[in-house]
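Let's take a walk through a protein model together. Have the sequence and the 3D view ready, and pick out each residue as we come to it.

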Amino acid sequence: MAVLRELVVFPSKCFRGVRSYFFSAPLFQNGSLKLNESVSKDGHALDFEQSDTKKMSKAMKSYMERAKIHDNFIKQQLHEYNIGKRHLANMMGKDPEFFTQTDVDEAIRYLFPSGLFDPRARPMMKHPDEIYPKRKAAEFDVNGRPYHSLFYTSKPNYYTLMHDLAVKFKQLDRHEDKIISRGIQNQKPTELFLFGSEWIPKQKIENVLLESLTDAQYVNLIKTFERFSQHPYSVIEKDFIMQFRRQLAAQVEIQQVPELMRDESGRPYMTYNARRKTSNATVKVIGQGTGVISINETDIHFFQREQDKKQIIFPLQFSDMLGKVDVVATVDGCGTSAQSGAIRLGISMCLRSFVNAETIERMRLAGLLSFDPRTRERKKPGQAGARKKFTWKKR
């Protein structure tokens with residue numbers, strides 16, 4: 001019963017479902033107006049509480065009244081949150097001064113060991129900043145004049161972001177022109193790696209900009225970002241682009257890449273045993289090579305079909321290692337398609353030790369690092385083949 005009495009004092013207003021209509025200025029807003037503070041024409045700060053309210057516009061007076069109410073509300077919620085956190089710390093026998101939000105969640109999970117597996121059914125206590133959504137601050141001065149030059153577009157943050165993209169695009173073009181003027185345009189620029197991530201959805205962009213967007217505006221913004229990311233030197237603005245991308249679901253398990261081994265001559269190498277259907281291949285990839293490919297003590301012409309040859313060369317071309325390493329493979333088993341597939345998997349798994357993490361991720365997305373479990377399906381009794389049926393005749 002003592003535990004229940006302590007739990008009653010938890011601030012109920014800090015739980016899920018409470019909304020707010022005022023908060024700090026957004027990320028892409030040029031100017032923001034703080035509570036009880038403005039800037040006069042000569043650059044001096046003014047206090048709204050001491051200034052002449054007759055000079056204020058009606059919109060500013062309305063904003064000041066609502067902002068003052070909201071400020072007091074946030075202070076009260078923060079005070080109740082701190083009280084509830086101290087009660088939890090005392091109940092768990094920890095120091096309240098070093099009781100973090102993670103400790104709060106663990107304490108609530110420990111004190112409420114119910115059978116409610118739905119997270120929305122469990123009680124929660126969060127900091128007010130995590131509960132109340134952000135809203136725009138005042139966008140105009142005491143005379144009612146807007147701070148932002150794009151205020152009357154009704155979406156100044158959206159058009160500011162589009163303008164920033166255009167400016168950055170021109171900067172990348174000027175950088176490319178400098179590279180060409182120096183005569184080093186043949187040098188291949190570093191490619192921007194965007195695999196494993198996607199553009200954030202419309203709702204999250206609206207939360208960042210603090211503005212509602214139409215579907216057409218969202219599509220236009222994403223197309224602009226895609227065009228910007230395709231620039232040859234867009235890697236310079238990688239941090240800016242990744243602000244509007246999110247990582248996809250985490251991989252099931254990141255495979256540990258083995259370290260390279262050294263032979264008697266000091267050349268690095270890696271071996272791997274691969275299989276495909278009933279074929280088994282032992283592949284050895286040797287670094288510091290010239291691109292020699294040996295298959296069963298012959299060259300790549302061991303395979304007669306052009307498709308099988310392409311299967312062998314594809315992982316080397318994809319990882320940009322063609323002509324830089326030597327491949328020695330021995331393969332047995334029936335079927336040239338299965339043999340070439342086993343060698344391709346062996347080469348791909350060996351090349352992981354020669355390339356960086358981004359190239360490994362590209363190879364994984366291309367399917368080079370996945371074992372192909374497909375085999376020939378057996379014939380079924382009562383029919384011509386695995387799927388084929390005998391011709392049916394009514395008479």
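This is a predicted model: local features need pLDDT of at least 70, side-chain atom pairs count only at pLDDT 80 or more; totals for chains, interfaces and linings use all residues.

Now check where the two partners come from. Phe-169 belongs to helix α5 (residues 156–181) and Phe-228 to helix α7 (residues 215–229), so this pair ties together parts that are 59 residues apart in sequence.

Phe-169, Trp-199, Phe-225, Phe-228, Phe-240 and Phe-244 make up one aromatic cluster. Zoom in on Phe-240 and you'll see the charged end of Lys-168 sitting over its ring, 4.8 Å from the centre.

How many aromatic pairs does the structure hold? There are nine. One of them joins Tyr-158 and Tyr-159, whose ring centres are 5.0 Å apart; their planes are at 75°, so the pair is edge-to-face. Is Tyr-158 buried or exposed? With a relative accessible area of 3%, Tyr-158 is buried, whereas Tyr-159, at 34%, is partly exposed.

Next, let's move on to some helices. Two packed helices are described by the angle between their axes and the distance between the axes. For helix α9 (residues 306–318) and helix α10 (residues 336–351), the axes come within 9 Å and cross at roughly 5°. Angles under 35 degrees count as roughly parallel, and α9 and α10 are therefore roughly parallel to each other. Who does the touching? On the α9 side, the contact residues include Ile-312, Phe-314 and Leu-316, while among those on the α10 side are Ile-343, Arg-344 and Ile-347. Sort the residues of this contact by type and you get seven nonpolar, five polar and two charged.

Our last stop is helix α11 (residues 357–365), where the buried residues are Thr-359, Ile-360, Glu-361, Arg-362 and Met-363. Just after α11, look for Gly-367, which takes a positive phi of about 85°.

Definitions and conventions: Residues are numbered from 1 along each chain as its sequence is written. Side-chain values use heavy atoms; hydrogens and water are left out. Rings of Phe, Tyr and Trp (its six-membered ring) pair if their centres lie within 6.5 Å; planes under 30 degrees apart count as stacked, over 60 as edge-to-face and the rest as tilted. Buried means under 20% relative accessible area, exposed over 50%, partly exposed in between (1.4 Å probe, protein chains only). Helices (H or I, at least four residues) and strands (E, at least two) are DSSP runs, numbered from the N terminus. A charge sits over a ring if NZ of Lys or CZ of Arg is within 6 Å of the ring centre and within 35 degrees of the ring normal. Axes are lines fitted to C-alpha atoms, for helices over the stretch in contact, and angles run from 0 to 180 degrees between N-to-C directions. Angles under 35 degrees count as roughly parallel, over 145 as roughly antiparallel, 65 to 115 as roughly perpendicular and the rest as oblique. Contact means heavy atoms within 4.5 Å. Ala, Val, Leu, Ile, Met, Phe, Trp, Tyr, Cys and Pro count as nonpolar, Asp, Glu, Lys and Arg as charged, and the others, Gly among them, as polar.
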